[in-house]
Amino acid sequence: MKATFVLSLLAGLLAATASAQAQDLGEPLGDGGEVAGIAIEGDDGGEGPLRGTVTDESDWEDLGIAIPAFATDRNAPTPANSDGTGALGREIARVITANLQNNGLFKPTGPDALPSPAFAQITAPSWGSWSGRGAEMLVHGYVRAQGDDRLVVGCYLYDVALQDELIREGWVVRPADWRRAAHKCSDLIYARLTGESPFFDSRIAYIAETGPKDNRVKRLAVMDSDGANHRFLTLGSATALTPRYSPDYSKILYLSYVDGNPRIYVYDIGSGQQTLVTENQNPTIAPRWSPDGRYILYSMAVAGNTDIYRVPVSGGRSVRLTDTPGIDIGGSYSPDGSRIVFESDRSGSQQCYIMDADGTNQRRITFFGGRCATPEWSPRGDQIAFTRIAGDFNVAVMTPSGGNLRVLTNGWQDEAPTWAPNGRIIQFFRTTRDAGRSSLWQVDLTGRNERRLPTPVDASDPAWGPIRP
């Protein structure tokens, strides 16, 4: 079974990467696409989108939502779809349907089972055709091609029973970014109906794994929150580990083993350039951002003792935050940056601890049966996700005081949880018992809605980024 204390893996990594090249970057991500808001059909020049009242706020989890194909004023050619804006409108509706279906909160019906509205009906729905379909909410939208190849996408949410518009918004996107418009529309619907922060227009970094079990090639990869638009960022000549997005989404922090030495790099998403933060001859693991993006936490083993250190993101002198004999690993800041949760075996078993951001006031918080590893603070600040080891490895959550333990998964080896930007869904990686294959999974806080995220190769160490700007 794969040990969560990853120090046991370092000797093999050092040997496998002894001849790696310093430059290991693939094609730049070039993730500078803009999604600009725009006034859309029906806007009356008022400030902000129109808002209404959901029919029954207490039962929003049971809402049936009809999502027909987005209309178009004319079926114009677009690089986004070889069949034009009409076909693209159907694809956008399919993405929205999948988004709302996969989070387990709604009952969406997609465009393949619904009639397609005319363009004029987008702002004037044919209420009679929808009231008899069991839909309490209706999503309308349109796609229009501009002369510069960019696309205008409008999104409208209606309450069918009240025959009232709840909210509308529009965006201008490049053809290559049409899925972002679909995710923005999904976020608009989700936030309006639940009152929670959105998360669909976000990306996920992870480690893509290929090759034989005793000689794995580990590359840094990224994709959209639904698994689309997959890209490899490194070539695999140097092992990449434990990526994390910066709080402002502009960078990815990761650990790389080059010429046998662990190095912490920051990859700039816009330029494709990477910057060396620190290089050590000692085993180094688990780099993490501070909430303000100014510092990086990491763990380093020196003379048989592993402690947590803090270093400025620009590099420079590292400050040691723990000094208790044993293995202190990880380090995840609370959203306000005042505290850090981490794992340690100082008590004789692998447990989770909290300390103040300067390393003071260290105290154990887990006293339930089993062990606690890879803790990560929720963006909301109210919970900590972690790997609970009690025979099997499972993803669990608890309050920052260590109370209200809830185990969310029941796989053989589920580990390394990472939070969605809104703190409602947790992503992790699962390893199968027999084949040893690893894959990415998501589970919501109820533990009832679990799904696998598609990746082209084996996957581990996921990191969910913030909402994209």
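I began with R263, which is buried at a relative accessible area of 13% (buried is under 20%, exposed over 50%, partly exposed in between, with a 1.4 Å probe and protein chains only). This is a predicted model, where local features need pLDDT of at least 70 and side-chain atom pairs count only at pLDDT 80 or more, while totals for chains, interfaces and linings use all residues. Residues are numbered from 1 along each chain as its sequence is written, and side-chain values use heavy atoms, leaving out hydrogens and water.

**Salt bridges**

I found R263 in a salt bridge with E279, with the closest N and O atoms 3.0 Å apart (the rule: a side-chain nitrogen of Lys or Arg within 4 Å of a carboxyl oxygen of Asp or Glu). R263 lies in strand β13 and E279 in strand β14, so the pair ties together parts 16 residues apart in sequence (strands are DSSP runs of E, at least two residues; helices are runs of H or I, at least four; both are numbered from the N terminus). E279 is partly exposed at 36%.

Next I looked up E196, which bridges to R380 at 3.5 Å between the closest N and O atoms. Those two loop residues are 184 apart in sequence. E196 counts as buried at 19%, and R380 as partly exposed at 41%.

**Core**

Which residues have the most contacts inside the largest nonpolar core? I noted I65, F70, I92, I96, I189 and L193, in a core of 50 residues (buried Ala, Val, Leu, Ile, Met, Phe, Trp, Tyr and Cys joined through side-chain atoms within 4.5 Å). Helix α4 gives the most to this core, with eight residues.
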